Amino acid sequence: MVEPFCPGRYSAAMHQRRWPDLLPDLLRDISGRLHHAVDFVRFHAVCRPWRDSHDATGTGTGTTQSFLPWLLAPNMKNHDALRLTCVFSKTSYSAPLLPDIPRWVANADGTAVRYLLGAHPYSSLHDPLTGVTTHVPPVPEGKYMCFSFRPQGVLYRDGTILLYTKHRMIDDDLYDDETTMFWAALLRPRDTAWTVVERILEGFQYGSFCVTYHGGNILVSVESSKWHVIMINDDVASDMIVPRPSMPTDRGDYYYRSGHLLESRGELLWVSIHVPNFPQDGCGDNIFDLLQTLELFVYGIQEVPGSDKIQWVRKDGKSLADRIIFLGWPNSFAVDASQLGVDGGYAYFIHSDGDADLYEWSAVFRYNLIHNKVEFVEWLPQGWRDDSWVRKSSTQAEQRMAVAVATYQCLLYWKISGRC
């Protein structure tokens, strides 16, 4: 027999079970669905049982929780500060103590960012978010290298650090308007010194520039004209040339805006962004034109059948429907959409317009890889120049630090209210 509903009885039961009495498994499940760092901190600041539900080591559930990434760039009003903004949670944060123009070294998967500390010869990397400084062997110069050209780099999962830059030829006898001097320094695990690589490449000094370390070699391209696979510890004759693939925008009314390299599930991907060459009739490179005309293509590198050569092959956008791609500099990365609690099949990027020193506008867009459409996401403050992304994992020290912040907030709450 079903008992009749009694509002008073259920109301009394609700008062007896307070929010801190929720089951630990339920609290862990809720916490695991919080992909905004701010939401995570607020959740664990509610009370001690909610805070204790967090497993800071990540061993309790055997899973890793990921936070949605933040964009970071120097604060244009205060060059001693690092400014971060999250286009997903609409929140911002500033961290102190940055050099005027930081030489970024970002994790390939976006989970941390550091910068070369001091002046040449650099011998340490500093994390502005945790304050941790890591010492490395002094970075050497090359035959044609000048460190006023500000190298940047990427730290890969196996511990390899790749620093790189490009510049015009310093030697006037070798200078050519259509060539670029490429410099790279590689520090692999257990290396006691950097390996320096220099090449003269075809392409303009100020053209778009792609570099990565993959399969024990360095891949680099200037202006997407051709790809060079540089064999470490070998001479130029050992390098491999990978032809640029034909693209739908090769008809001449589009130009190569930028390129980005990243690894996803063990596969090397090249994301190529193209914008139109607008006629001189009032139509320009602005947000309204961009939303209708920008083209983005994703290519994967494959071996040529029956040969030892490799080639770029365009990927179907549907094959990326379960991933989110974040395009930036010096690193780009892809994340499983299920880890972030958002829809997959998108590539996020920044597009700017205006003077190189002070952009008229800068905004975040996302490209729908399935339907091939650009969507506007959010304006960025005027002068925002960098497009570096950083994300944090729930098993890292930074998240344990977030729990410490939550603890402090909760202690203040206890002191003020005497509750929880």
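**Ground rules**

I'm working with a predicted model, where local features need pLDDT of at least 70 and side-chain atom pairs count only at pLDDT 80 or more, while totals for chains, interfaces and linings use all residues. Residues are numbered from 1 along each chain as its sequence is written, and side-chain values use heavy atoms, with hydrogens and water left out.

**Entry 1: the whole protein**

I began with the secondary structure and found 7 helices and 25 strands. Both are DSSP runs numbered from the N terminus: helices are H or I with at least four residues, strands are E with at least two.

Next I looked up burial. Of the 420 residues, 49% are buried. Buried means under 20% relative accessible area, exposed means over 50%, and partly exposed is in between (1.4 Å probe, protein chains only).

The protein exposes about 21,300 Å², and carbon and sulfur atoms supply 52% of that. These areas come from the Shrake-Rupley method with a 1.4 Å probe.

Then I checked contacts (heavy atoms within 4.5 Å). Taking those between residues at least 6 apart in sequence, 51% join residues at least 24 apart.

**Entry 2: salt bridges**

How many salt bridges does a search of the whole structure find? I got 8. To count, a side-chain nitrogen of Lys or Arg has to be within 4 Å of a carboxyl oxygen of Asp or Glu.

**Entry 3: arginine 265**

Arginine 265 forms a salt bridge with aspartate 322, with the closest N and O atoms 2.9 Å apart. Arginine 265 lies in the loop between strand 16 (254–264) and strand 17 (267–276), and aspartate 322 in the loop between strand 19 (310–314) and strand 20 (323–326), so this pair ties together parts 57 residues apart in sequence.

Arginine 265 also forms a salt bridge with aspartate 336, again with closest N and O atoms 2.9 Å apart. Aspartate 336 is in strand 21 (residues 333–336), so here the tied parts are 71 residues apart in sequence.

Is arginine 265 buried or exposed? It counts as exposed, at 52% relative accessibility. Aspartate 322 is partly exposed at 37%, and aspartate 336 is partly exposed at 27%.

I also noted a network of salt bridges that links Arg265, Asp322, Arg323 and Asp336.

**Entry 4: another pair**

Glutamate 375 and arginine 366 meet in a salt bridge too, at 2.8 Å from N to O. Glutamate 375 is partly exposed at 25% relative accessibility, and arginine 366 is partly exposed at 23%.
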